[in-house]
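Me: Please take a close look at one strand in this fold. I want its pairings and its surroundings.

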Amino acid sequence: MEIKKSDFVKSAVLEADYPEQLSNVEFAFVGRSNVGKSSLINSLTNRKKMARISKTPGRTQLINYFIVNGDTFLVDLPGYGFAKVPKAIKKEWGSLIERYLASKRKKMVFVLLDIRRVPTNEDIEMLEWLDYYEVPYKIIFTKVDKMSNNQKFKQLKDIKKKIEFSNSDVLFSSAVSHKGREEILEFLDEAVKEYS
Ligand SMILES: Nc1nc2c(ncn2[C@@H]2O[C@H](COP(=O)(O)OP(=O)(O)OP(=O)(O)O)[C@@H](O)[C@H]2O)c(=O)[nH]1
Ligand SMILES: [Mg+2]
């Protein structure tokens, strides 16, 4: 997929706020705060700040909808894993994400994992949630520019002690060097065909 045009659509909390579904499947990005969700959306769309314009500072946790090529939504979901967040906010985050996952929308989720970190319990819970709600997902390892190939393969071995996957089944990305961008765009094309 070549992304020729992209725009911010709206922020949403409740399902009633989500924009009306398009015929194409939508792609949501989940992962720890700081893993690079917004940066990846900006990299894919070639927009420097699009996924940030709508970023509300402070406590508000919103689902941000973007549309690409007029026919496909990219959905930026709020990150998890902030150590200092009060319990009430964590609960709010949980309901927001769960409502989205449980919704009947045709969706495919990208789970972003920082290649330099071993997945946390929250990452593992996210994968279990996706299985539970039967949402198709794909793992993308981010920030690969921070590691050499050797380090990368060693790190993948450690990560596999926590979660199961095969190297050929996951994607790799750098929002800095744009490595992996083409593969992800190709994947979007295939997924639109498969899931729409
Ligand atoms: N080196 C490197 N830095 C990255 C990459 N992707 C993101 N970053 C940096 O990581 C930080 C967090 O990126 P964001 O895109 O804001 O992360 P996020 O997942 O959207 O975070 P939340 O919105 O808080 O959930 C920023 O300083 C980015 O510049 C990458 O591929 N390589
Ligand atoms: Mg973000």
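Reply: Strand β2 (residues 26-31) pairs with β5 in the parallel sense, over six bridges. Pairing here requires at least two DSSP bridges between two strands. Strands are DSSP runs of E, at least two residues long, while helices are runs of H or I of at least four; both are numbered from the N terminus. This is a predicted model: local features need pLDDT of at least 70, side-chain atom pairs count only at pLDDT 80 or more, and totals for chains, interfaces and linings use all residues. Residues are numbered from 1 along each chain as its sequence is written, and chains are lettered from A and ligands numbered from 1 in the order in which they are written.

Phe 29 stands opposite Phe 110 in β5. β5 also pairs with strand β6 (residues 137-142), again in the parallel sense and over six bridges.

Now burial. Seven of the eight residues of β5 (residues 107-114) are buried, so the strand is largely enclosed by the rest of the structure. Buried means 20 or more other C-beta atoms within 10 Å of a residue's own; 12 or fewer means exposed, and in between is partly exposed, with C-beta atoms placed from the backbone. Across the chain, buried residues make up 32% of the 196 residues.
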